[in-house]
Amino acid sequence: MIVMAAQGDVLFRRVDAVPAGAVLQPRTERVVVAHSETGHHHALTAPGIDWYTSPDPLVGYLSLADPTEVRHERPWDTHAPLCLAPGVWEVRRQREYTPEGFRRVED
Amino acid sequence: MAKITTLTDAQRARFPEWVARYTARGLSCEPADRARAARGFRAQYEAAGLHWHGRVVWVQSPLVMAYAASIASRWLARGAVHDAVNGAVYGAVNGAVHDAVDDAVRDAVYGAVGVAVNGAVSVAVDDAVRDAVYGAVGVAVRDAVDGAVRDAVDGAVGNLWRHYLGGALWISYVAWATYIRDALGVPVPIGPREDTDESCGWWWPHRDFVMACDRPAAIHRDDAGRLHSASGPAILWRDGWGIHAWHGTRVPREWIEAPDAVAPTLALTHPNAEERRCLAEILGWGRVIALVPTRTVDDDGDPAIGTLLECELHGERSRFLRVRCGTGREFVLAVPPDAPTALAANAWTYGLDAGELRAMQVRT
């Protein structure tokens with residue numbers, strides 16, 4: 001069973017539960033877990049997805065009732081879809097170092 | 001007429017014909033057919049129940065249109081009530097043909113046509129070109145509004161420039177509707193959109209005028225259909241404005257036209273990782289490494305984990321991870337100067353430690 005996978009600059013890690021402090025977002029049929037400034041988001045489209053943000057802006061949580069595919073929405077140089085099993089997944093955005101600390105990888 | 005519930009093999013066999021025809025029309029670099037475009041403007045005003053004023057102003061690039069149409073509109077309104085009035089004009093013109101077509105084609109079978117025809121033309125025209133034009137104009141407007149001409153431009157242009165209709169760059173909708181009309185024999189009132197989308201670029205409807213844009217003079221793509229030119233603009237309009245792109249990613253003009261003048265350190269430090277990768281490819285990794293003296297601190301052996309590099313940048317010791325992503329492309333990411341190994345550096349980019357990253361099973 002897959003417990004950790006990456007789709008480009010987004011990492012998915014299976015965890016036992018959504019931690020305290022995470023905030024459930026209003027439910028929508030399409031959840032963008034990583035916005036791209038050039039428009040190629042990483043997104044899940046299915047009913048029954050719970051998406052939580054956390055105090056760390058680079059970390060969120062997905063609670064999935066069913067197997068759900070994460071799609072990279074770009075027609076070229078496309079990262080292949082990932083199928084996440086039902087359960088709770090930690091979603092981590094990639095970062096890079098700056099002299100001031102770090103910044104999210106922008107693409 | 002009888003409801004169409006399935007498509008015959010003969011009807012499906014015509015999909016490629018539509019895709020090829022409308023991809024070519026969407027990417028056409030012929031000068032605008034102004035007379036036909038004007039017929040389409042008029043018909044769409046009339047379909048929306050609006051008075052046709054008969055005033056069409058032609059410009060040569062969407063950038064000029066973004067400024068000129070917005071400023072003209074604001075000037076005509078003397079700074080007042082523009083949004084309410086012209087927002088309504090834009091919505092009405094944009095919606096009139098759509099509503100009529102939608103009324104004519106409420107049938108599930110048309111979804112299959114949409115995937116096969118509209119979807120395929122979209123990939124070639126919309127995704128490759130339309131989005132690049134929209135993005136480039138948006139950036140140009142934003143930069144101007146954020147820059148030296150803020151006071152002059154800000155209030156006038158704002159978001160008004162987005163009230164355009166796409167012309168040839170929105171042709172995938174026409175491809176879909178004409179297939180239904182011509183291949184399936186369903187009467188679909190798409191004619192006004194055919195007239196505009198097959199004859200001009202962006203156009204901007206206003207109560208008192210239409211501003212219309214010529215088609216590009218040249219569009220260059222790579223073998224995969226992505227916008228690309230290694231020697232000049234990937235899209236060039238007749239007034240000289242253009243969009244530079246490297247295999248689908250928009251990049252600054254000087255990276256393409258004067259790469260020798262670009263500081264090679266930018267291939268390591270440019271803020272956007274995707275654009276940074278392009279610059280490294282434009283300059284060539286060998287040249288970047290040669291011009292920015294770099295030593296290898298650690299090579300993991302797994303390209304997906306990467307190679308940890310060190311160099312001096314602006315008098316500071318800096319470390320970078322050169323790593324291959326799931327699509328096979330190579331990126332360079334800045335990592336902490338005390339990162340001990342490529343694995344530890346790669347794990348740090350995800351906020352994990354090296355041991356945790358070893359659990360990675362799939363990278364796409």
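**Group meeting: the contact between chain A and chain B**

A polar atom of the A:R95 side chain lies 2.7 Å from the backbone oxygen of B:W348. I count that as a polar contact, meaning a pair of N or O atoms within 3.5 Å; within protein, one must be able to donate a hydrogen and the other to accept it, and residues adjacent in sequence count only if both atoms are side-chain atoms.

Some housekeeping. This is a predicted model, where local features need pLDDT of at least 70 and side-chain atom pairs count only at pLDDT 80 or more, while totals for chains, interfaces and linings use all residues. Residues are numbered from 1 along each chain as its sequence is written, chains are lettered from A and ligands numbered from 1 in the order in which they are written, and side-chain values use heavy atoms, with hydrogens and water left out.

Back to A:R95. This residue lies in strand β11 of chain A; helices (H or I, at least four residues) and strands (E, at least two) are DSSP runs, numbered from the N terminus. Is A:R95 buried or exposed? A:R95 is buried, because its relative accessible area is 14%, and buried means under 20%, exposed over 50%, partly exposed in between (1.4 Å probe, protein chains only). Contact here means heavy atoms within 4.5 Å.

Now the whole interface. Chain A brings 34 residues to the contact and chain B brings 36 residues. Together they bury about 2900 Å², with 55% of it on carbon and sulfur atoms; buried area is the accessible area (1.4 Å probe) that two parts lose on being put together, summed over both.

How many salt bridges are there between chain A and chain B? The count is 2, taking a side-chain nitrogen of Lys or Arg within 4 Å of a carboxyl oxygen of Asp or Glu. One of them joins the side chains of B:R276 and A:E96, at 2.8 Å, N to O.

On the side of chain A that touches chain B, β1 (4–7), β2 (10–15), β10 (87–93), β11 (95–98) and β12 (101–104) each supply at least two residues. The most come from β1(A), with 4 residues.

Finally, β1(A) is joined by 2 bridges to strand β13 (residues 362–363) of chain B, and the two run parallel. Strands pair if DSSP finds at least two bridges between them. Within this pairing, A:A6 stands opposite B:R363.
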